[in-house]
Amino acid sequence: MKFHLKSSPGKVDVEVVPLTEEMTKVSKDKEVKALLKSKDFTGKYRKTIWLRSGGKRTLLVGLGKQNKLDEEAVRRVYSIVVSEVLTSKYKSFSTSVPTSKLKKDLFVGAVVESCVLTDYKFSKFKKKKEAVDEVVIVTKDRVEKIVKEKQTICENTLLARDWVNMPADVMNPVELTKVAKEVARKAKLKITVIDKDLKKKGLNLIDAVGKGSIYPPRMVILEYWGDNRSKKPIALVGKGITFDTGGINLKPTGYIESMKSDKGGACTVLAVMKTMAELKVKKNVIGFMSICENMVGRHSYRPSDIIKSYSGKTVEILNTDAEGRLAMADALTYAEKHYKPEVIVDLATLTGAALVALGEYVIAMVSDSDKYSDKMFKAGQKTFERVWRLPLYEEYLDLMKGDISDIKNISSSGAMGGRAGTITAAAFLKKFIEKTPWVHLDIAGAAWYTKQYYYAPKDATGIGVRLMTEFIRNL
Ligand code: BES
Ligand code: ZN
Ligand code: ZN
């Protein structure tokens, strides 16, 4: 999709005219006036109406009440616009930029985000999709920078979606590492892959989770140094289970089918690292992708195994389906020990309980830092990749204490560690970080939609790319 900034629409298939309710009352446009007379269009939020005259096609779209207009309202409205244009098989449209309470650069930014994010279909295994090729933004304002920025961030979100949607027979640990290498090469990120040396280095939890697979597990580290090297970096850790069968505690039908999505955290981390480099963000950021395939096999780890983690603490495995926390734990300790970051943020499709608590529309956050979780909350409100914090009290940490090991991998509360599952999983992770402020984002719900919602498609959503970019830039 190409964006052009012009002072007039020029040659496009459709001219889109966004109007608030207040604007329809003072419109000078002849056709709009006629419509108003017939009361067909009053600028009501999300309402659209086509006008066709003399080969010219206009799409009027309602922005609603002027004082309610914010970036999210614009995103939602333009997801409707893009869908309408697509259904009519048009390839290009222009849009005017209304004068309203919402600053013009924010309006334009939200339009760009919505257009890129809505015009998406996972098409690797289907014939070419219909797409909007060109959007002309009619404005005299200097908004090039925001257009470029939003386009970069959102195109990288689409990449994250593609990587996650790619089935596990193709996107196995080896392939996902190849993708990371290719991204690193193009974006000039330093990349380190720890695979054969996992055991030698003591990254035994990552190793254990990956043992059942023919594709060896690995930890991929991506480094972006956009600021002075003396400044502490921000660490991002992503769960990259390319497929989660549950292991010996095999997942049942109805739960297993979408488990190619279990690499969502790692794919988001990769897309964020690419974004940092492309936007030349003035921060130091280190990305960790903990990549394994959780399979059933002769070499699989099993319930009752006791494994020594990278931190030195021993973990008793009581459920091989609680594998994400294991793969993440070693990466968290590694990040803290070797990079001494200012803050560690992890993104993981960690628990079904996150879906029970918040559904698909909100990310579950658990943190030991008021300061950084407040910042994350604000970034969530701004991008509308919203987060909601759950508590991490001592009681939850105690539930993870082992009987014959230091820690166990599921809590001792409820069947299969089911009570407060999102918090106890986070409590497990917390035990592998010593003193660095930490924000855990459980994206099990938000990374995968069962149904499209405005600019977020069904299946992989690429959640977290916009959120993390916003969070990091505001640190
Ligand atoms: N990958 C799953 C969590 C998940 C569930 C992600 C649904 C997306 C949608 C994770 O590895 C898992 O299986 N967690 C278990 C933990 C339990 C065994 C304590 C769960 O949530 O049931
Ligand atoms: Zn699992
Ligand atoms: Zn999992």
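Visitor: What makes the arrangement of donor atoms around the zinc ion (ligand 2) irregular?

Guide: Please keep in mind that this is a predicted model. Six donors count as octahedral if opposite donors are over 155 degrees apart and all others between 65 and 115. The six donor atoms around the zinc ion (ligand 2) subtend angles of 71 to 168 degrees, and the arrangement is therefore classed as irregular.

Visitor: Which protein atoms are the donors of the zinc ion (ligand 2), and how far from it do they lie?

Guide: They are Asp-244 (OD), Asp-321 (O), Asp-321 (OD) and Glu-323 (OE), at 2.0 to 2.2 Å. Donors must lie within 2.8 Å of the metal. Asp-244 also bridges this ion and the zinc ion (ligand 3), the two ions lying 3.2 Å apart.

Visitor: How do you know that the span of helix H3 agrees with its number of residues?

Guide: Helix H3 comprises 17 residues, 71-87, and at 1.5 Å a residue the helix should span 24 Å. The C-alpha atoms at its ends are 24 Å apart, so the two values agree.

Visitor: Why is H3 described as largely enclosed by the rest of the structure?

Guide: Twelve of its 17 residues are buried, which is why the description applies. Among them are Val-74, Val-77, Tyr-78 and Val-81. The elements that cover the buried residues of H3 include strand E2 (14-20), strand E4 (56-64) and helix H4 (104-118).

Visitor: In what order do the strands of the open sheet stand, and why is one side of E7 and of E15 without a neighbour?

Guide: The eight strands follow the order E7-E8-E10-E9-E13-E17-E14-E15, with mixed pairing. Strand E7 (190-194) and strand E15 (387-390) stand at the edges and have a single partner strand each, so one side of each lacks a neighbour in the sheet. On average, neighbouring strands are turned by 20 degrees against each other, direction ignored.

Visitor: How do you know that strands E14 and E17 pair?

Guide: Pairing requires at least two bridges. Strand E14 (residues 363-367) and strand E17 (residues 438-442) have four, in the antiparallel sense. In one of these, Met-365 has Leu-441 of E17 as its bridge partner.

Technical notes
Residues numbered from 1 in each chain as written. Chains lettered and ligands numbered in written order. Predicted model: local features only at pLDDT ≥ 70, side-chain atom pairs only at ≥ 80, totals over all residues. Heavy atoms only, no water. Helix = DSSP H or I, 4+ residues; strand = E, 2+ residues; numbered from the N terminus. Expected span 1.5 Å × (residues − 1). Buried < 20%, exposed > 50% of the residue type's maximum accessible area, 1.4 Å probe, protein only. Contact = heavy atoms within 4.5 Å. Tetrahedral: all angles 85-135°; square planar, octahedral: opposite > 155°, others 65-115°. Axes fitted to C-alpha atoms, helices over the stretch in contact; angles between N-to-C directions.
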